[in-house]
Amino acid sequence: EFGSAADLEHVLGAAVNGFAELFEGGSTVRALAGPEEHVFTAEGPVRRIDVAEALWAALTAAEPEPTAPNERVSGLLISPQNHPSSECRVWIEFPRPRVVTTDERIVGDLLGQAFALAVDRVVAASSFADRETHMARAIESHRLIGQAIGILIERHRVTPAEAFTRLKKASQDRNIKLREIAARVIETGAEPDDAQ
């Protein structure tokens, strides 16, 4: 699921369910992806203020507390390292204290790395999609403004700079976006000051 998840919620849900099943305990996942912090439990997303202080301390600790190989512990913190774009943590709370084997720790570390990579991947994909959308809007705005300037040049025999100044002034005077004034000039053929 980490490899095929298309959004952050799917990745976090897969982490919560997968780690809980693998380690037979309740898991809580925290991911700091870009500027946003996400905390998930088996019930879904939770707000920071709804997380118990002890659990929050475990999810935000600088390093997991070292334990002796045969020490019984109440839970396990999985903290993948070296992921520049996101910080991910998983806390697995055991039903009762138990020993965590070396094999379990290795598997936890490997899956923790896969989890962090999946978070990085979906955050990067989302960021790329946002940039692509903004770029498409900017290109469309330039196309509309250029077409409206062409209409004004042809109609009034003015320079491109003068035609742009007329559009800009109408935009400022009426507090309407420049691209909207341009679209109205194109659609209605009206002057920028009269475009409704």
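Two strands count as paired if DSSP finds at least two bridges between them. The model described here is predicted. In this model, strand 1 (residues 26–33) and strand 2 (residues 36–41) pair in the antiparallel sense, over five bridges. Within this pairing, L32 stands opposite E37 of strand 2. Strand 2 is also joined to strand 3 (residues 44–46), by three bridges. These two strands run antiparallel as well. V39 has V46, in strand 3, as its bridge partner.

Helix 2 covers residues 53–60, and its buried residues are W56, A58 and L59. Seen down the axis of helix 2, these buried residues fall within an arc of 160°, so they line one face of the helix. The face turned away from that buried side carries the exposed residues E53 and A54.

The side chain of R89 comes to 3.4 Å from the backbone oxygen of L59. R89 is located in strand 5. Its relative accessible area is 6%, so R89 counts as buried, the cut-off being under 20%. A second contact involves the side chain of R89. It meets the side chain of S79 in a polar contact of 2.7 Å. S79 is found in the loop between strand 4 (72–78) and strand 5 (86–99). Although S79 is in a loop, it is buried, because its relative accessibility is 13% and the cut-off is under 20%. S79 and A61 are separated by 18 residues in sequence, and their C-alpha atoms are 9.3 Å apart in space.

P69 lies in the loop between helix 2 and strand 4. At 66% relative accessibility, P69 is exposed, because the cut-off for that class is over 50%. P69 and E1 are 68 residues apart in sequence, and 31 Å lie between their C-alpha atoms.

A nonpolar patch on the surface is formed by L22, V107 and L111. Together these residues have about 210 Å² of accessible area. L22 belongs to helix 1 (residues 8–23). With 40% relative accessibility, L22 is partly exposed.

In one of them, E104 and R98 meet at 3.0 Å, N to O. R98 is partly exposed, at 21% relative accessibility.

Another salt bridge joins E140 to R143, with the closest N and O atoms 2.7 Å apart. Both residues lie in helix 3 (residues 102–156). They are three residues apart, about one turn of the helix. An α-helix has 3.6 residues a turn, so residues three or four places apart point the same way. E140 is partly exposed, at 30% relative accessibility. R143 is also partly exposed, at 43%.

A further salt bridge is formed by the side chains of R155 and E191, at 2.8 Å, N to O. This pair links distant parts of the chain, 36 residues apart. R155 is in helix 3, whereas E191 is in the segment after helix 5 (178–188). R155 is partly exposed, with a relative accessible area of 35%. E191 is partly exposed too, with a relative accessible area of 23%.

Methods. Residues are numbered from 1 along each chain as its sequence is written. This is a predicted model: local features need pLDDT of at least 70, side-chain atom pairs count only at pLDDT 80 or more; totals for chains, interfaces and linings use all residues. Side-chain values use heavy atoms; hydrogens and water are left out. Patches are made of residues with over 30% relative accessible area and no salt bridge: like charges are joined within 9 Å, nonpolar side chains (Val, Leu, Ile, Met, Phe, Trp, Tyr) within 5 Å. Accessible areas come from the Shrake-Rupley method with a 1.4 Å probe; for residues, only the protein chains shown count as cover. A salt bridge is a side-chain nitrogen of Lys or Arg within 4 Å of a carboxyl oxygen of Asp or Glu. Helices (H or I, at least four residues) and strands (E, at least two) are DSSP runs, numbered from the N terminus. Buried means under 20% relative accessible area, exposed over 50%, partly exposed in between (1.4 Å probe, protein chains only). A polar contact is a pair of N or O atoms within 3.5 Å; within protein, one must be able to donate a hydrogen and the other to accept it, and residues adjacent in sequence count only if both atoms are side-chain atoms. The arc is that of the directions from the helix axis to the C-beta atoms.
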